[in-house]
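Me: Hey, can you walk me through this structure? I'd like the overall picture and then a few spots up close.

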Amino acid sequence: AGNTGKSTWNGVGILRDGHRVKVLGNVGSPADAAAAAAAGAEGVGLFRTEFCFLSATEEPTVEEQRKAYAAVLAPFAGKPVVVRTLDAGADKPLAFLDPEPEPNPALGVRGVRVAFDQPEIIDRQLEAIALAAKDTGADVSVMAPMVATAAEAAWFVKRARAAGIARAGVMIEIPAAALTAREIAAVVDFVSLGTNDLAQYLFAADRQLGAVAALNDPWQPALLRLIKLVGEVGVATGTPVGVCGEAAADPLLACVLTGMGVTSLSMNHTALATVGARLASTSLDVCQLAARGAVGAHDPASAKIAARAPH
Ligand code: PEP
Ligand code: MG
């Protein structure tokens with residue numbers, strides 16, 4: 001899908017036929033944000049707010065949060081930034097949330113689940129995000145992590161609206177959420193696929209464990225088929241579908257995802273130019289053929305070969 005030639009990237013995600021796919025940065029600190037802006041990110045598709053407070057032993061005040069978020073939003077005045085609410089638990093424990101020890105933290109009270117029992121924590125965070133958006137002029141949306149059902153998505157969107165935030169969406173990173181994307185799309189403004197956790201939960205394979213890394217390969221056809229379902233819902237309902245997991249940073253996979261109907265790709269700043277250039281070298285019909293080939297494959301290696309075949 002597309003050539004790998006010397007095409008350079010002009011900082012706008014656009015295929016050679018004019019089809020637009022936003023190319024965005026994943027950030028967790030002011031340094032990341034500066035690097036993403038310098039590398040030409042059109043905005044931010046994932047701001048991991050938990051990274052601001054990994055060492056905090058008490059909940060940061062609204063004012064402290066406002067300052068921390070504004071420092072990350074500052075380079076993106078007038079540009080879209082998706083701020084994810086705290087995704088604590090499992091690999092990213094937050095001391096101030098005082099979690100109960102759990103036998104299986106990846107399957108426990110993590111991500112947005114923490115907020116169901118303590119809604120005031122997410123309400124204070126949403127308030128701080130709204131203030132930081134005003135401070136910086138960034139075009140801010142909010143997004144909840146680890147959403148499993150449409151009811152949870154609706155719960156979050158209601159709180160975001162109450163905080164005066166214009167757009168609210170959720171991550172699709174639990175297989176149940178992917179399978180009910182249609183119901184979720186009906187209650188949110190956008191969704192974003194977290195392919196790292198989606199693979200982990202789809203294959204029952206810890207994303208941090210090297211011994212099962214082959215199952216967490218984003219080229220696994222089962223993962224691609226699940227992503228395709230979400231892409232189709234996005235196209236059918238006019239809901240923007242982003243990808244903010246590692247899959248978005250692979251230039252060939254970026255083409256496959258685009259062919260599935262994904263409308264934005266968010267990645268580490270180091271991948272922006274390569275992915276942007278690859279997209280500029282291909283077209284939507286080639287991406288759609290690449291996607292069809294990849295989802296029909298039997299294993300990751302043949303999915304990659306099938307995705308390369310169309311051009
Ligand atoms: C993901 O799960 O793919 C994702 C983008 O979120 P995180 O890596 O922060 O869990
Ligand atoms: Mg995740």
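**The overall picture**

Reply: The chain has 13 helices and eight strands. Its radius of gyration is 19 Å, close to the 19 Å that the globule rule gives for 311 residues, so the chain is as compact as a globular protein of that length. Keep in mind that this is a predicted model.

Me: What does the C-alpha trace span along its principal axes?

Reply: About 55 × 40 × 35 Å.

Me: And how many of the 311 residues are buried, as a percentage?

Reply: Buried residues make up 52% of them. As for contacts between residues at least 6 apart in sequence, 68% join residues that are at least 24 apart.

Me: Which residues have the most contacts inside the largest nonpolar core?

Reply: That core has 100 residues, and the ones with the most contacts inside it are Val 44, Ile 129, Val 170, Ile 172, Val 256, Leu 257 and Leu 265. In soluble globular proteins, nonpolar side chains tend to be buried together.

Me: Pick one. What is Ile 172 in contact with?

Reply: Leaving out neighbours within four places in sequence, Ile 172 is in contact with Ala 177, Ala 178, Ala 181, Val 191, Ser 192, Leu 193, Gly 194, Leu 198 and Val 230. Gly 194 also turns up among the residues around ligand 1.

Me: Oh, a ligand! Which other residues are around ligand 1?

Reply: Besides Gly 194, there are Leu 46, Arg 48, Asp 87, Glu 173, Thr 195, Asn 196, Asp 197, Cys 244 and Gly 245. They divide into two nonpolar, four polar and four charged residues.

Me: Which element supplies the largest share of that shell?

Reply: Helix 8, with three residues. Helix 8 covers 195-203, and both it and strand 2 (44-48) supply at least two residues of the shell.

Me: Changing topic: which residues of helix 11 are buried?

Reply: Helix 11 runs over residues 272-280, and its buried residues are Leu 272, Val 275, Gly 276, Arg 278 and Leu 279. Looking down the helix axis, the buried residues fall within an arc of 165 degrees, so they line one face of helix 11.

Me: Why would they line up like that?

Reply: An α-helix has 3.6 residues a turn, so residues three or four places apart point the same way.

Me: What do those buried residues pack against?

Reply: Against strand 1 (22-27), helix 10 (251-259) and strand 8 (264-267).

Me: What about Tyr 69, is that one buried or exposed?

Reply: Tyr 69 counts as buried, because 26 C-beta neighbours lie inside 10 Å and the cut-off for buried is 20 or more. Tyr 69 is in helix 2 (residues 62-73). Not counting residues up to four places away in sequence, Tyr 69 touches Thr 49, Val 83, Ala 128, Ile 129 and Ala 132.

Me: How far is Tyr 69 from Phe 47?

Reply: Their C-alpha atoms are separated by 9.1 Å, and the two residues are 22 residues apart along the chain.

Me: Where are they, and are they buried or exposed?

Reply: Met 146 is in the loop between strand 4 (139-144) and helix 5 (150-162), and with 24 C-beta neighbours inside 10 Å it counts as buried. Ala 204 sits in the loop between helix 8 and helix 9 (221-237), and with 9 such neighbours inside 10 Å, Ala 204 counts as exposed.

Conventions
Residues are numbered from 1 along each chain as its sequence is written. Chains are lettered from A and ligands numbered from 1 in the order in which they are written. This is a predicted model: local features need pLDDT of at least 70, side-chain atom pairs count only at pLDDT 80 or more; totals for chains, interfaces and linings use all residues. A residue is near a molecule or strand if its C-beta atom, placed from the backbone, lies within 6 Å of it. Helices (H or I, at least four residues) and strands (E, at least two) are DSSP runs, numbered from the N terminus. Ala, Val, Leu, Ile, Met, Phe, Trp, Tyr, Cys and Pro count as nonpolar, Asp, Glu, Lys and Arg as charged, and the others, Gly among them, as polar. The radius of gyration is taken over C-alpha atoms; the globule rule is 2.2 Å times the number of residues to the power 0.38. A residue is buried if 20 or more other C-beta atoms lie within 10 Å of its own, exposed if 12 or fewer, and partly exposed in between; C-beta atoms are placed from the backbone. Two residues are in contact if their C-beta atoms, placed from the backbone, lie within 7 Å. A nonpolar core is a set of buried Ala, Val, Leu, Ile, Met, Phe, Trp, Tyr and Cys residues joined through C-beta atoms within 7 Å. The arc is that of the directions from the helix axis to the C-beta atoms.
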